[in-house]
Amino acid sequence: MCLPALVAAWFPDNVTSVAIRGVHGPVHMPLLGLGTWQYNDSRSEDAILAAFKLGYRHVDTASVYANGVGVGRALKKTGVKREEFFVTSKLAIGLNVSATVQAMYQNLKDLQLDYVDLMLIHIPPTGAQARQDQWKVLEQFAKAGKAKAIGVSHFCKRQLQDILSIATVPVAVNQVQYHVGMGIASDMATDYKTWIQSQGILYQSFSPLCGPCNATNGDQMALKTGALVTGIGKKYNKTGAQVALKWLVQQGIPAIPKSSNPKHLSEDINIFDFKLSDDDMATLTSATVPPVGGGPSPQDSGDCGMEEVLV
Ligand SMILES: NC(=O)c1ccc[n+]([C@@H]2O[C@H](COP(=O)([O-])OP(=O)(O)OC[C@H]3O[C@@H](n4cnc5c(N)ncnc54)[C@H](OP(=O)(O)O)[C@@H]3O)[C@@H](O)[C@H]2O)c1
Ligand SMILES: *[C@@H]1O[C@H](CO)[C@@H](O)[C@H](O)[C@H]1NC(C)=O
Ligand SMILES: *[C@@H]1O[C@H](CO)[C@@H](O)[C@H](O)[C@H]1NC(C)=O
Ligand SMILES: *[C@@H]1O[C@H](CO)[C@@H](O)[C@H](O)[C@H]1NC(C)=O
Ligand SMILES: *[C@@H]1O[C@H](CO)[C@@H](O)[C@H](O)[C@H]1NC(C)=O
């Protein structure tokens, strides 16, 4: 197995990061970042400004989130030097190759950045050829110095193999839904986590707090107020959300929780001053609730069932 090494790098002492495979060698991704899905420009701007004051140096956005202008405005306002923060963005969804390229450059312009640290294919395009075409577009972008590293999101094993067979730049990351409750889900449901890691591809979690999970049956709150995470948290004087996030980062899996609540933002990054015991890690790993939410069910083929359709 080839898990990325934990490195302190040049991020502030209290922020731990992992190395991912960039175009010109390792790039350091802070283990804890800020998500921005469903946030508009002004909400993204406010959340990022508050988060950076608390020490966040990692933001996750995407063309389709349509908040690049707000994210860019915030990143300028923080005054933090470019090389000291990490930005992930993702390709537009459902466009042809030329429109995808155009959208990628527009996204960079919106962000007011010369480069992003990581650019991902947001959702697997339908068919091996389309996947490979989009990857080639991404490689050109990276080789032009516009992304330090490139990767994918929602890709299962066979979809990744299409990319690996033609890639001339490392596939740095696969960003997929992963949180407490999915630890022992089948390899299908977790998109072949072990295999992905064996390829030197960093397995990154999205929706670490089960954001899109079922609000009616309690799944959406299970990783914040649920008995499992809050019970373990009491031992460490930490909240349920902090335990859920720590379970990920303690495995070297970067997490990008989203919040615009200052108290939550502070909680979410203050997880580097304690360590979960092996027993508590094992208990969290064995949980089967909440399952993957808002996407393919753990019973079917996981993200293999998810494909982008040209619009
Ligand atoms: N690649 C993809 O296709 C993909 C898909 C989904 C998500 N993502 C990325 O992953 C990010 C995170 O996932 P997500 O947005 O789905 O949801 P999430 O981070 O799992 O959960 C967000 C929710 O948790 C709450 N929360 C955050 N910290 C909390 C705390 N300490 N205590 C209690 N509640 C807390 C937030 O509410 P408050 O504002 O009230 O704190 C928010 O409602 C996204 O924003 C996006 O950047 C990527
Ligand atoms: C952005 O989102 C915030 C919070 O949901 C909302 O109050 C605000 O009106 C939105 N702004 C625009 C321009 O839609
Ligand atoms: C790609 O899509 C754009 C925008 O929809 C369209 O203007 C253009 O003609 C398309 N190009 C090809 C080669 O289909
Ligand atoms: C959410 O949970 C409720 C209550 O158990 C259930 O009726 C509903 O079908 C669930 N929704 C989804 C999308 O699974
Ligand atoms: C528990 O954590 C809270 C919030 O971080 C802090 O204010 C409090 O002092 C801590 N209590 C103990 C006993 O460490």
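Student: What makes up the shell around ligand 1, by class?
Tutor: The shell has 11 nonpolar, 12 polar and 6 charged residues. Ala, Val, Leu, Ile, Met, Phe, Trp, Tyr, Cys and Pro count as nonpolar, Asp, Glu, Lys and Arg as charged, and the others, Gly among them, as polar. This is a predicted model, where local features need pLDDT of at least 70, side-chain atom pairs count only at pLDDT 80 or more, and totals for chains, interfaces and linings use all residues; side-chain values use heavy atoms, leaving out hydrogens and water. Residues are numbered from 1 along each chain as its sequence is written, while chains are lettered from A and ligands numbered from 1 in the order in which they are written.

Student: Which of the 29 residues around ligand 1 come nearest?
Tutor: Asp60, His154, Ser259, His264 and Asp268 do. Helix H10 (residues 262–269) gives the most to the shell, with 3 residues.

Student: How do you describe the packing of H3 and H4?
Tutor: Helix H3 (residues 97–110) and helix H4 (residues 128–143) pack at about 35 degrees, with their axes 10 Å apart. Their crossing is right-handed.

Technical notes. Axes fitted to C-alpha atoms, helices over the stretch in contact; angles between N-to-C directions. Helix = DSSP H or I, 4+ residues; strand = E, 2+ residues; numbered from the N terminus. Left-handed = near helix turned anticlockwise from the far one by under 90°. Near = heavy atom within 4 Å.
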